[in-house]
Amino acid sequence: MQENKKRFYPKGSANFFMASTPSVSPAFRIRTKNLVMLPFFKIFALMYLESLVLRHFKNHQQQELHFSKRINCLVGMNGVGKTNLLDAIHYCCIGKSAFNSLDTQNIQHGEQFFSLKASVRKQEEIFEIICALQQGKSKVLKCNQYEYTRLSEHFGLFPLVLICPDDTDLIREGSDYRRKFFDFTLAQMNATFLGYLYTYSNLLKSRNAHLKQANEAAQIDWALLDTYDAQMLPLARQIAKMRRDFCQEISKVFAENYAFLTEEREQTTLTYQSEALNTDFEQRYRAHLQQDIFLKRTDFGVHKDDFKFEIGGHSIKKFGSQGQQKSYIIALKLAQFKLLQKHLKVTPLLLLDDIFDKLDSIRTAKLLSLLSDDTFTQVFITDANPKRITELLRSVCLIDWAEIFELSQAENLSAQ
Ligand SMILES: Nc1ncnc2c1ncn2[C@@H]1O[C@H](COP(=O)(O)OP(=O)(O)OP(=O)(O)O)[C@@H](O)[C@H]1O
Ligand SMILES: [Mg+2]
């Protein structure tokens with residue numbers, strides 16, 4: 001097994017990661033490569049994370065890790081930083097934390113910066129991704145020396161799917177969680193959708209700002225509202241159509257996954273609900289204006305859409321067991337994986353955080369059987385119980401493909 005090397009940087013060495021010379025955007029090169037250079041018989045580009053260097057990231061003072069191309073298990077007691085390592089991978093591939101939207105909270109307590117450096121191999125090319133943040137400055141995200149000006153430039157280049165305990169928020173929380181999940185997945189695969197969503201959100205912000213500052217109807221600038229609405233209405237219809245088509249596509253894969261995981265014992269559905277798909281949408285949107293003025297915000301439109309999750313014809317939130325909810329989420333995330341793979345022509349990394357809790361033996365075995373075929377390339381699994389994970393991997397003959405990283409405390413990480 002490979003040994004984890006540790007490197008020590010002098011204090012205040014954030015510049016080590018930050019110094020750079022701008023060059024060509026990697027986006028163009030990667031996408032061109034996928035289209036042109038992939039052998040025709042190979043459908044998906046092979047991608048895996050070779051190494052990761054962390055500095056002052058949450059509870060990780062400094063680490064340098066070299067990963068297996070297949071299965072990587074991060075094991076150790078509660079609170080040692082297993083999920084934080086997955087989050088560091090998420091940061092490098094997606095450009096932000098999966099758990100904490102406030103970047104500064106990911107800097108280690110008492111420190112001035114965090115920096116992450118990931119080395120990702122895609123086919124025969126290596127990409128060096130750097131993500132760093134210094135207190136009081138803007139976050140820096142670079143790929144092969146190219147510094148992004150917008151986070152969205154990085155979207156879809158290094159796809160990953162993370163399945164974690166917080167995912168049940170998708171079922172339990174409000175519609176904004178579900179919209180974010182579906183929009184983010186679709187935006188990674190479809191730049192037109194991302195553009196529509198971005199423009200719509202900016203118009204919505206401006207419309208809301210105007211409604212907020214006007215204390216009474218007499219202060220409303222009707223011409224300005226008309227300008228916003230004339231742009232927002234067609235965008236809303238486009239967004240709703242794209243979400244509907246995407247939901248139809250993902251729901252088929254989701255249903256197959258759920259049936260596979262549960263041996264077809266339960267009937268589940270996933271449907272998209274949007275007023276913007278109805279013929280009277282524009283009329284109802286305009287009729288809502290008086291209420292918008294009263295509420296001082298736009299309370300009708302695609303930013304209020306929802307996705308309905310059901311089991312046996314009933315809301316999974318209200319009637320699903322914890323295990324059923326977890327299976328629903330796993331089936332959904334695996335569907336996300338398959339669609340990202342299909343549309344981006346690259347196999348995403350799969351990050352499984354504490355996934356085996358609450359799954360019965362059939363569902364666990366089913367999930368493991370997926371790991372042992374060639375559906376996934378590189379997988380990261382965290383578990384507080386090293387014995388359980390090694391036995392599970394042994395049971396599907398995957399133990400020889402796995403690298404076990406044992407974390408005793410953030411600084412004492414060893415590969416076995
Ligand atoms: N900004 C920060 N600076 C220092 N430590 C932090 C920071 N943010 C989080 N932590 C610490 O990280 C630890 C949690 O790490 P993490 O969630 O990765 O643990 P884990 O190994 O996944 O545990 P579990 O098995 O319970 O899921 C906590 O001790 C928390 O205090
Ligand atoms: Mg954890």
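A residue is near a molecule if its C-beta atom, placed from the backbone, lies within 6 Å of it. The model is predicted: local features need pLDDT of at least 70, side-chain atom pairs count only at pLDDT 80 or more, and totals for chains, interfaces and linings use all residues. Residues are numbered from 1 along each chain as its sequence is written, with chains lettered from A and ligands numbered from 1 in the order in which they are written.

**View 1. Around ligand 1.** Here are the 18 residues around ligand 1, of which Asn59, Asn78, Lys82, Thr83 and Asn84 come nearest. Helix 3 (residues 82–94) gives this shell its largest share, three residues; helices here are DSSP runs of H or I, at least four residues, and strands are runs of E, at least two, numbered from the N terminus.

**View 2. Leucine 351 in the core.** Now for the largest nonpolar core, with 97 residues, where Ile89, Leu116 and Leu351 touch the most other members. Such a core is a set of buried Ala, Val, Leu, Ile, Met, Phe, Trp, Tyr and Cys residues joined through C-beta atoms within 7 Å, and buried means 20 or more other C-beta atoms within 10 Å of the residue's own (exposed: 12 or fewer; partly exposed: in between). Leaving out residues up to four places away in sequence, Leu351 touches Leu86, Ile89, Leu160, Val161, Leu162 and Phe380 (contact: C-beta atoms within 7 Å).

**View 3. Lysine 137 in its loop.** Lysine 137 sits in the loop between strand 5 (125–134) and strand 6 (140–143). Lysine 137 counts as exposed because it has 12 C-beta neighbours inside 10 Å. Threonine 104 is 33 residues away along the chain, with 9.7 Å between its C-alpha atom and that of lysine 137.

Technical notes. Contact = placed C-beta atoms within 7 Å.
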